[in-house]
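The sequence and the model come first.

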Amino acid sequence: MSDEIKIKVSNLNFYYGKMQALKNINIDIMDKKITALIGPSGCGKSTLIRIFNRMCDLVIGAKAEGSVIFDGENILNSSIDIVKLRQKIGMVFQKPNPFPKTIFQNIAYGLEINGCKDKSFIKFKVEETLKKAALWEDVKDRLNDSALGLSGGQQQRLCIARALAVEAQVILFDEPCASLDPISTAKIEELILELQNNYAIIIVTHNMQQASRVSDYTAFMYLGDLIEFGSTNQIFTVPKNPKTEEYLSGKFG
Amino acid sequence: MKNKIIQQFFFSLITISALITALFLLIIIFFIFKNGFNAISWEFITSVPKNGMTAGGVSPAIIGSFCLVAAAILFSLPLGLACAVYLQEYSPKNYIVDIVKTGVSNLASVPSVVFGLFGLAVFVKFFGFGVSILSGGLTLAILVLPNIITTSQEALSAVPYSFREASLALGATQWQTIRKVVLPAALPGILTGIILSIGRAAGETAPIMFTAAVFYKKGRPDSIMSEVMALPYHIYALMTEGVNPEKQTVIAYGCALILLVLVAVLSSLAVFIRNKYRSSYER
């Protein structure tokens with residue numbers, strides 16, 4: 001059991017133009033643990049994980065203050081190498097979004113854009129990451145088929161494999177099961193639990209059961225504030241803040 | 001009951017209107033075939049005009065049209081694609097974009113004869129390219145540019161945002177994302193635009209009248225500075241000049257048939273590619 005802090009967020013404020021989306025957020029993301037972010041729509045949880053890989057930069061007028069320390073550096077600094085950052089902190093999106101390329105190419109893409117030309121290494125990596133993502137047995141005979149021919153759950157696992165291939169250390173999941181059926185969801189959850197042995201994982205979810213099933217820590221956010229953060233067990237059994245309790249019991253959200 | 005009858009009446013009206021529209025096309029095709037079919041032969045396609053345009057074939061016009069279209073696409077594709085990528089992927093939201101967009105859509109509605117005069121003034125005279133494939137190709141390129149830009153832009157915008165997001169999240173730069181993910185995904189749509197532009201460029205008379213086409217030229221063009229014969233202009237010339245209208249008319253219909261078949265083949269190719277493209281995204 002390691003208790004190493006992977007990402008340390010201190011006094012983080014975030015604005016979309018004049019609108020403040022995150023208010024003075026302080027949170028520690030632990031390595032080899034799963035942290036769930038919950039809260040009603042618009043509470044800022046998706047914004048928060050998009051800060052970790054600086055995808056928030058894509059929105060015009062976005063501005064962040066405070067510090068987010070990862071690997072000893074404040075990733076909010078403009079001097080940070082975003083390419084390296086995004087390789088170390090991978091992301092899996094709400095809707096499976098494989099490229100309209102073959103299964104093989106989907107995983108090779110991340111390696112190739114970094115200038116990797118070693119064919120045998122790429123081949124090795126494709127197999128390794130597909131195995132890690134529990135997809136190898138499903139696709140090993142059709143690596144050169146289009147990734148769009150896979151089922152939703154398989155596509156999502158391919159997207160996870162794609163993030164693993166570029167040597168991610170942290171994986172951000174933005175409602176990864178929102179568009180999947182219960183069986184595929186169960187498989188993804190199983191995979192996430194397995195991945196936590198080697199990665200720090202942050203998962204945004206609207207599904208309370210999912211948060212309680214998979215996560216070690218849970219953060220409850222509301223209107224840009226981090227209301228409560230603690231072990232999942234504590235949050236779900238004895239929440240300290242009345243707002244958290246109201247949300248968990250379905251009084252709003 | 002009354003409402004139902006009114007509905008029936010208007011639906012019939014709409015159906016008849018639609019049928020009449022389709023009928024025009026059928027009539028045109030029928031007449032071109034009827035009048036032009038007899039002119040078509042192997043000799044017609046492969047040999048040069050003889051006896052003052054009253055006999056022989058139209059091969060220089062086919063070759064000339066081919067050269068003009070190739071030049072037009074060669075010039076317009078890189079420029080149009082770059083413009084589409086700028087508008088769709090890079091452009092900041094400011095007034096320059098609005099100016100470019102307005103410019104592109106207005107360019108599309110400029111009458112083609114105006115392009116011809118423009119080509120004459122700028123390419124033929126000002127740049128001194130003379131009446132040549134180069135001048136005609138450039139003029140046609142400007143004519144089809146809005147086509148290329150609009151279809152390319154549509155193709156780019158049809159590429160789901162999630163592909164871009166996925167690529168950027170893996171650490172790709174915006175340029176890598178455009179080149180390796182967005183453009184390949186948009187390629188079938190871009191191809192459609194190119195093919196439709198080929199059809200348009202092949203069929204236009206006015207833009208090449210003063211810039212590239214001549215009534216008669218023996219043999220193949222030897223450089224892009226050569227003047228050429230072209231199918232649409234050849235039809236125009238056969239119907240307005242010469243001494244033997246009866247024989248010339250038949251040849252003109254033959255040319256029209258070749259042109260029609262050419263454009264029809266290209267258009268159906270475009271539709272085929274677009275359909276294939278659509279089905280690959282709909283899941």
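**Entry 1. The largest cavity.** I looked up which element gives the largest share of the lining of the largest cavity, and found H6(A), with three residues. Helices here are DSSP runs of H or I with at least four residues, strands are runs of E with at least two, and both are numbered from the N terminus. I note that this is a predicted model, in which local features need pLDDT of at least 70 and side-chain atom pairs count only at pLDDT 80 or more, while totals for chains, interfaces and linings use all residues. Residues are numbered from 1 along each chain as its sequence is written, chains are lettered from A and ligands numbered from 1 in the order in which they are written, and side-chain values use heavy atoms, with hydrogens and water left out.

I then recorded which elements each supply at least two residues of this lining: strand E6 (89-92) and helix H6 (152-165) of chain A, and helix H7 (161-169) of chain B. From chain A the lining residues are Gly90(A), Met91(A), Phe93(A), Cys159(A), Arg162(A) and Ala163(A), and from chain B they are Ala166(B), Ala169(B) and Leu170(B). By class I read seven nonpolar, one polar and one charged residues. For the classes, Ala, Val, Leu, Ile, Met, Phe, Trp, Tyr, Cys and Pro count as nonpolar, Asp, Glu, Lys and Arg as charged, and the others, Gly among them, as polar.

The volume of this cavity is about 40 Å³. A cavity is a set of points on a 1 Å grid over the protein atoms alone where a 1.4 Å probe fits but cannot get out; a pocket is an open set with protein on both sides within 12 Å along at least five of seven lines, and lining residues have an atom within 4 Å of a point. Grid points are joined across faces, edges and corners, and a volume is the space filled by probe spheres set on the points.

**Entry 2. The second largest cavity.** My search of the whole structure gave two cavities of 30 Å³ or more. H3(B) gives the most, with three residues. I counted the classes as eight nonpolar, one polar and one charged.

**Entry 3. The largest pocket.** How many residues line the largest pocket? I found 19, and Gln88(B), Glu89(B), Ser91(B), Lys93(B) and Gln174(B) lie nearest its centre. The volume of the pocket is about 520 Å³. H3, helix H4 (95-107), H7 and H8 of chain B each supply at least two lining residues; the largest share, four residues, is that of H3(B). The lining divides into nine nonpolar, five polar and five charged residues.

**Entry 4. Between the chains.** I next took up the contact (heavy atoms within 4.5 Å). It takes 24 residues from chain A and 20 residues from chain B. The area buried between them is about 1,900 Å², of which carbon and sulfur atoms give 64%. Buried area is the accessible area (1.4 Å probe) that two parts lose on being put together, summed over both. In chain A, Tyr109(A), Ile113(A) and Leu148(A) lose the most area to chain B, together 27% of what that side buries.

**Entry 5. Arg50(A).** One salt bridge, a side-chain nitrogen of Lys or Arg within 4 Å of a carboxyl oxygen of Asp or Glu, is counted between chain A and chain B. Arg50(A) forms it with Glu165(B), the closest N and O atoms being 3.0 Å apart. I also found Arg50(A) in a salt bridge with Asp174(A), at 2.6 Å from N to O. Arg50(A) lies in helix H1 (residues 45-52) and Asp174(A) in strand E7 (residues 170-174), both of chain A, so this pair ties together parts that are 124 residues apart in sequence. Over all chains, the structure holds 17 salt bridges.
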